[in-house]
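Reader: I'd like to learn how to read a structure like this one. Can you walk me through it, feature by feature?

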Amino acid sequence: MSTLHKDAAVSTREDRKPQMILDYNSNKGGADCLDKLTGTYTYKRMTARWPVAVFHNMIDVSAFNAYEDSNKSGLE
């Protein structure tokens, strides 16, 4: 169960999937897209220092957010 879903509601579709699974599948796109793009175009480098690794991750997420914002505003 999740904090959003208090009961075990099942969909009325033919496959009768639980509602929480359908909600998860319809809202998971952002994280999947972030993982796909940062896996292809990443700023990360090998480092033994954790602050540098966190900084590289912040750069990746910031670049992804800028890319998403430019696509939403039609600046492509």
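**Reading the chain**

Author: Let's begin with contacts, meaning heavy atoms within 4.5 Å. Among contacts in the chain between residues at least 6 apart in sequence, 19% join residues at least 24 apart. This is a predicted model: local features need pLDDT of at least 70, side-chain atom pairs count only at pLDDT 80 or more, and totals for chains, interfaces and linings use all residues. Residues are numbered from 1 along each chain as its sequence is written, and side-chain values use heavy atoms, with hydrogens and water left out.

Reader: What does the secondary structure of the chain come to?

Author: Helices (H or I, at least four residues) and strands (E, at least two) are DSSP runs, numbered from the N terminus. Here there are three helices and zero strands, in the order α-α-α from the N terminus on.

Reader: And is histidine 56 buried or exposed?

Author: Buried means under 20% relative accessible area, exposed over 50%, partly exposed in between (1.4 Å probe, protein chains only). Histidine 56 has 8%, so it counts as buried. This residue lies in helix 3 and touches Tyr43, Lys44 and Arg45, leaving aside residues up to four places away in sequence. Of the chain's 76 residues, 11% are buried.

Reader: Why does valine 54 count as partly exposed?

Author: Because its relative accessibility is 39%. Valine 54 also belongs to helix 3, residues 50–72.
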